Amino acid sequence: MRVSNYYRKILVSLCLLSVFSLSSNSFADEANSTAESTSRVWKNVEMRGTKQDVYFHAWGGDQQINNYIQWAAKQVKEKYKINLHHVKLTDTSEAVSRVLAEKAADNHRNGQVDLVWINGANFASMAKYQLLAADWAGELPNFQLTNPTNNPAMTRDFGVPTQGMEAPWGQAALTFYFDSLKVNDVPETLSDLLIWSEKHPGHFTYPKPPDFLGMSFLKYALLVLSESQPKSIQDKLYQPVTAESEAELLPALWQFLDQLHPTLWRQGKHFVSNGLALRRLMSDTELQVSFTFSAAEIPSAISRYDLPDSTRSYRMKDGSLSNIHFVAIPYNSPHIEGAKLVANFLLSPEAQARKQKTVIWGDSSVLDLSQLTPTQKALFDVNEQQHLSANIINIDNTRLLSELHPSWVKVITEQWLTRYGVQ
Amino acid sequence: MIVANTLFTRLVRNSPYLLIALLVVPVLGGLLGVLLPAFGWFPALGANEFGLFGFVQLFNTPGIERMVLLSFGTSLVSTLLAFVITVLILASYFNSPWLKRIQRLLGPILVIPHAAAAIAIGFLITPSGFLSRLISPWLTGWDIPPDWLFPHDPYGLSIILGLTLKELPFLLLIALGVLAQPEIGKTLKAQHKVASSLGYCPMTGFFKVILPSLYGYMRLPILAVLAYSSASVEIPLILGSNTPPTLAVAIMQWFNDVDLSLRIKASSGAILQILITLSLLGSWCLLELLVKKCSTSFLVNGEREYGGMLIQRMTHLITTVMLSVICLALVAMVLWSFAGFWSFPDLLPQQLVTLHWSSALLQMQTPLFNTLVIAISTTLIAIALTLFVLEAEQQNTKTISAISGFIIYLPLLIPSIAFLFGLVWLFEQVNSQHAYINVVFSHLLFVLPYVFLSLANSYRRLDPRFSTVAASLGVQPSKIFWQLKLPLLLSPILIASALGLAISFSQYLPTLLSGAGRINTITTEAVTLANGASRRTSAVYALMQMLLPALFFILAWAAPKLFFRNRG
């Protein structure tokens, strides 16, 4: 089954880098052992959270995701009489700035953000400035269904321990796509990509960092390029960056990019600022191969005529960058109980199974199927009619690559901007 | 003039103070909220010491000088172009019915939000765009789009194109608003006739007789356009290069960066942006002086003809090209909103579907409602306040002081990116939780100046003898105001209202920031979706954004005609 395979891969890759698995699981264990008091705490949350207004700040650039959140709003309205408002962001950092501005203005109780969809650098940033409520994720009854004790990925965000500040919501892996009518020699490894782009100049590009998708491409390249290095040096990618590790690992990336850039769209002299612009360029047939973090957007874009019917998706054979995305509650949310109820609902088998359906959103579930009852498991059975592009080529024979330590993002962005930011 | 002390006159007398407070407090407060972090004071980040490290970081940014140059160059060139073309159009079509027609065609552009306009223009001129499809493959042989660095060229040509096309209709509308005012319009037209009868070619007559008077009325709007374009974000973001981008775009990206310590650099950048805008305004004034000095002899040398036909033909060409660009962009936008799959080099989509409209209209209701509520309340406040302030001026028989006059344009002259982030901080300080009120308040900052700008001249030029006669007949000031002046000014008031609505409709950053993102309008949705991947959905929203203000402008044009016809 697709999902359990998926999990095994994530587990394997994560175990490989469990160099620094510290005490972050302890709160989950605690939650297990004191199950009874937890349920009392939870009853209390349920009592106080009903009828609250919850302002959910989540990126709003995708109609499918927006519709899914609307559906969730209806469900929590029925279950808890909660009014869930989706505040559509163009960039998650807007919510980060808002909470920061509130903190600057000494508004410690009455924040505008109750729940935020977040991961990676945004999370690291909020955690660093103590903008998030801590130690609540373990309280959620459905959190146990992710099997956090055996699945460290659920309590780490890009390698940073979440300390109960976030509840997992879904996961994604870097997926490439192409127009099967135009491309017959699909590049399936990073080195193939360079050769392909030299042969077909101007038909591939990536967004300019610090865009999330552009950054992800650079991380993928860096991870693959670092494989020629000894294991001890490779592992430094999962630790805070130092001048030494930078000097060991980054030159290979710049060398690769120096070769790749002249062959890119606009000769690498201009890069799109936004990951979604890639899909628009694919639709305009300016690009012929591109990539995304949400594979499910491809069939849905085809159904809305935003991509040609002949589009197919695949994973790179040399690895696919993968990460988990979370929901978090700011420290000054006035509706913290309501927000917890929503976070718990988002983790329910019902909500996760619906989210995983390609026609709904197609975002992979974070639940461990072994923790579910047979009825709950049945919710995940796929019997929908799928477009061909929903079958991701290579999905079973590629490894999942874990995210780098977040401190690399800043270093890569800065150096990229110095090298290629002014042309 | 001795004025009776009634509730009405008291209200009127105090209105200028309210106006000034409404504009000064948020702008200065917002600036303070940027100034402190610019010099290193940002307690939430643990930065408690004043220093210049923000500026050091700023000037160490790779390509900072290119950013500054790009901001400076694109806004100066585009404003200059827009002004020159406006003058050429006015000169060539001054007494021709074409002036009205051109204005009607350009009117809609004024009300298209910048983001939507940029996307429409972008689709036209990208290598896979409508223009290139028109000539492919039969002429060019292109089966796949060429790989040109345009738009997004490093010289900012595409930004200049976008800005010029957006600024031109505004300047033209302002000029026509001045000419539509019975007093000025009639006088100028009469003077033009005299010039013609003295043998001046109509073109020369326009430049020698009308332009010197007209320019005085257009001066502040031009400066506002210049200031706005130097710090605008949407067009450079969508059409401009990002290696490096313009300064304003870079500032916005730093403000929004996940690395919160960049806020300090962003705030320093905002201060630099203000300096750039100020130096642009200064350059324009220098340019004015230069032109004035060089042209004095030209005005009185008695020469009747300067190749007017040639200039006129050139103007015909420019106007035609421009109008076709706009029409093509509109056609392309409509096509996108109904398009099935549409691959290069097909001129038309493979199939036309209503899917995008039906799904968008379903989700549009709340934003549409919000848009209308906010725009109508903002515009009503702005119109009422403006009329009262102008009335106060006349009751005191002097125009408001130079300082107050300047203050009205403050929000237009100070780049909004510089004070909006601080304004949110200010709302936080007073702990204002009413998102609607906050949004109306911040929209007012941008709507008020435009409404004032478009009403002030007409109101001031209203022949004072009407009210003097009425007052000498013992009519109350309030009655003069409501029953004499307002009906006489109906047409400019309606146009100012339509303009106010349009400005409010198109606000993106103020709505997003002061509404805490909780208030969705058509524009915030459109920009969110414009950053998304579907041209089709954003075409629907962009068209919706055009239809809405267009509707109100049509009402503003049509209503006085109906009104006066009934009277006649």
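**Figure 1. The contact between domain 1 and domain 2 of chain B in the predicted model.** In this predicted model, 35 residues of domain 1 of chain B are in contact with 38 residues of domain 2 of chain B, where contact requires that the C-beta atoms of two residues, placed from the backbone, lie within 7 Å. Domain 1 of chain B covers 1–36 + 357–568 and domain 2 covers 56–331, with bounds that come from an automatic or database domain assignment; the C-alpha centres of these two domains of chain B are 24 Å apart. On the side of domain 1 of chain B that touches domain 2 of chain B, two or more residues each come from helices H1 (7–38), H17 (410–413), H18 (416–429), H19 (435–461), H22 (490–506), H24 (522–530) and H25 (535–567) of chain B. Helices (H or I, at least four residues) and strands (E, at least two) are DSSP runs, numbered from the N terminus. H25(B) gives the most to this side of domain 1 of chain B, with eight residues, and by class the side has 23 nonpolar, nine polar and three charged residues. Here Ala, Val, Leu, Ile, Met, Phe, Trp, Tyr, Cys and Pro count as nonpolar, Asp, Glu, Lys and Arg as charged, and the others, Gly among them, as polar.

**Figure 2. Helices H7 and H9 of chain B.** Helix H7 (residues 157–180) and helix H9 (residues 202–231) of chain B pack at an angle of about 155 degrees, with their axes 10 Å apart; axes are lines fitted to C-alpha atoms, for helices over the stretch in contact, and angles run from 0 to 180 degrees between N-to-C directions. H7(B) and H9(B) are therefore roughly antiparallel to each other, given that angles under 35 degrees count as roughly parallel, over 145 as roughly antiparallel, 65 to 115 as roughly perpendicular and the rest as oblique. From H7(B), B:Leu163, B:Glu167, B:Phe170, B:Leu171, B:Ile174, B:Ala175 and B:Val178 meet B:Leu214, B:Tyr217, B:Met218, B:Pro221, B:Ile222, B:Val225 and B:Ser229 of H9(B). Sorted by class, the contact of H7(B) with H9(B) has twelve nonpolar, one polar and one charged residues.

**Figure 3. Helices H7 and H8 of chain B.** The axes of H7(B) and helix H8 (residues 182–197) of chain B come within 5 Å and cross at roughly 90 degrees, which makes H7(B) roughly perpendicular to H8(B). Residues B:Val178, B:Leu179 and B:Ala180 in H7(B) meet B:Ile184, B:Gly185 and B:Leu188 in H8(B), and this contact of H7(B) with H8(B) comprises five nonpolar, one polar and no charged residues.

**Figure 4. Helices H3 and H11 of chain B.** With their axes 8 Å apart, helix H3 (residues 64–92) and helix H11 (residues 247–255) of chain B pack at an angle of about 125 degrees, and H3(B) and H11(B) are therefore oblique to each other. The contact is formed by B:Met67, B:Val68 and B:Ser71 of H3(B) together with B:Leu247, B:Ala248 and B:Ala250 of H11(B); by class, the residues of the contact of H3(B) with H11(B) are five nonpolar, one polar and no charged. Within chain B, confidence is highest in H3(B), at a mean of 94, and lowest in helix H16 (residues 402–408), at 75, on the pLDDT scale, which gives the predictor's confidence in each residue from 0 to 100.

**Figure 5. The contact between chain A and chain B.** Across this interface, 58 residues of chain A are in contact with 52 residues of chain B. Strand S1 (53–59), strand S2 (83–89), helix H5 (93–104), helix H6 (120–128), helix H11 (277–283) and helix H16 (407–420) of chain A each supply at least two residues of the side of chain A that touches chain B. H5(A) gives the most to that side, with ten residues, and by class the side of chain A that touches chain B has 20 nonpolar, 20 polar and 18 charged residues. The model scores ipTM 0.78 and pTM 0.79.

**Figure 6. The two domains of chain A.** The domain assignment of chain A gives domain 1 (52–171 + 324–386) and domain 2 (175–323 + 399–420), and 18 residues of domain 1 of chain A are in contact with 14 residues of domain 2 of chain A. Chain A has a mean pLDDT of 86, with 91% of its residues at 70 or more, although pLDDT stays under 50 over residues 1–31 of chain A.

**Notes to all figures.** Residues are numbered from 1 along each chain as its sequence is written, while chains are lettered from A and ligands numbered from 1 in the order in which they are written. As this is a predicted model, local features need pLDDT of at least 70 and side-chain atom pairs count only at pLDDT 80 or more, whereas totals for chains, interfaces and linings use all residues.
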